[in-house]
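The sequence and structure come before the details.

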Amino acid sequence: METRVEKVNLESPNATAIRLAAGLLRDGEVVAFPTETVYGLGANGLDDAAVRLVYELKGRPADNPVILHVADAASAKRLVSEWPQCAEALAEKYWPGPLTFVLRKSSIVPEVVTAGGPTVAVRVPAHPVALALLREFDGPIAAPSANRSSKTSPTLADHVLRDFDGRIPLILDAGPTDVGIESTVVDLTGPVPEVLRPGRITPSQIRHALDGDVRVHRGDAERLSSPGMLPRHYAPTARLILLEQDAPLPQEAPPGKTAYLTLAQRRDVRADVCVFMPNSPTEYAKRLYATLRDMDDQSVGVILVDMPPDTEEWSAVRDRLRRAAH
Ligand code: TXA
Ligand code: MG
């Protein structure tokens, strides 16, 4: 199969490419498309076989459910059996945007989407191309990040092409994604909302929008409430060594080619490649995955990373760095 890469303009998404993508989805095919977080590997979310194909292409374990993307809150409501007040308030404030809700599923959602579970993850992405595709397709699109399982998520169409060239018919290319890391996942099925995966939208923002309590899931490999939270999920090939700000620095450089991802204050770390990372959490997140892939391309064996401070605004970046280091 030949993989077509269609460039789409952000301001006025090319109607032909969008129609082509929607047609392929209707035919049960898998299409990669941009969202504001990372590129997604999309399939018709109500087509059991199409969603299975996504799992197969990714090499994703069948027990890790996928997110359904929809064009608006009204479409999300059809996929769930309960729409609590907190969902209404968060949708009002953050949709379209990088926030995914876990809610009780309705009967139209296939088991394969939810990995057999009673809940479904839904979100309205804030990307003109994703929204144009969702409107044209006129149905939910199941889309995990468009990477092979356990690789870092793609923030460029080229990242998708590397993993899926010849295996999917179409990639919609709208350039680099804006957020750079995956959406915040918040479980709204319990009495207190719980953040299962940190992202651009922080627990404080959610708390503020709801004017109530919000819990933050402490990720560990034992609890599978959000199986994608398994530590192995976001790993580059190079080994990461995380340097906390108050921890002693390594005395000797590790063997092989080394890189150093430094923050504003460069410390006395010896490495072959030095990359200055932005000192803002949003800018850092935007560059993180492409930087890790770059290091792999340069055959870096070990990446020494200055850890950003342990504050809420940095928690999503710290989370992805810890996973990459695992
Ligand atoms: O930003 C994003 O969320 C991107 C773009 C493409 O939208 N998608 C993405 O999908 O990151 P994926 O499949 O790579 O990650 C989905 C996460 C996983 O951690 C998965 O376990 C969790 O959402 N998830 C999905 N359905 C769930 C459910 N019913 N209950 C709990 N967690 C769920
Ligand atoms: Mg993923």
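In which loop is Ala115 found? Ala115 sits in the loop between α5 (111-114) and β6; helices (H or I, at least four residues) and strands (E, at least two) are DSSP runs, numbered from the N terminus. This is a predicted model, in which local features need pLDDT of at least 70 and side-chain atom pairs count only at pLDDT 80 or more, while totals for chains, interfaces and linings use all residues. Residues are numbered from 1 along each chain as its sequence is written, chains are lettered from A and ligands numbered from 1 in the order in which they are written, and side-chain values use heavy atoms, with hydrogens and water left out.

**Backbone geometry**

Although Ala115 is not a glycine, its phi is positive, at about 55 degrees. The peptide bond from Trp95 to Pro96 is cis, and its omega is near -5 degrees. Pro96 belongs to the loop between α4 and β5 (99-104). Most residues other than glycine have a negative phi, and most peptide bonds are trans.

**The ligand site**

Ligand 1 is surrounded by 27 residues (each with a heavy atom within 4 Å of the ligand). The closest are Thr37, Arg60, Asn64, His69 and Ser183. The distances below run from an N or O atom of the side chain to an oxygen atom of ligand 1.

| Side chain | Distance to an oxygen atom of ligand 1 |
|---|---|
| Thr37 | 2.6 Å |
| Arg60 | 2.9 Å |
| Asn64 | 2.8 Å |

On its own, ligand 1 has 680 Å² of accessible area, of which the protein covers 99%; such areas come from the Shrake-Rupley method with a 1.4 Å probe, and for residues only the protein chains shown count as cover. Two or more residues of the shell come from each of β4 (67-69), β6 (119-123) and β10 (194-197). The largest share, 4 residues, is that of β6.

**Helix packing**

Axes are lines fitted to C-alpha atoms, for helices over the stretch in contact, and angles run from 0 to 180 degrees between N-to-C directions. Angles under 35 degrees count as roughly parallel, over 145 as roughly antiparallel, 65 to 115 as roughly perpendicular and the rest as oblique.

Helix α4 (residues 85-94) packs against helix α8 (residues 203-210) at about 115 degrees, with the axes 9 Å apart. The two are therefore roughly perpendicular. Between helix α1 (residues 15-26) and helix α6 (residues 128-137) the angle is about 55 degrees and the axes are 9 Å apart, which makes α1 oblique to α6. Helix α9 (residues 281-297) and helix α10 (residues 315-325) pack at about 20 degrees, their axes 10 Å apart, so α9 is roughly parallel to α10.

How values were computed: A polar contact is a pair of N or O atoms within 3.5 Å; within protein, one must be able to donate a hydrogen and the other to accept it, and residues adjacent in sequence count only if both atoms are side-chain atoms.
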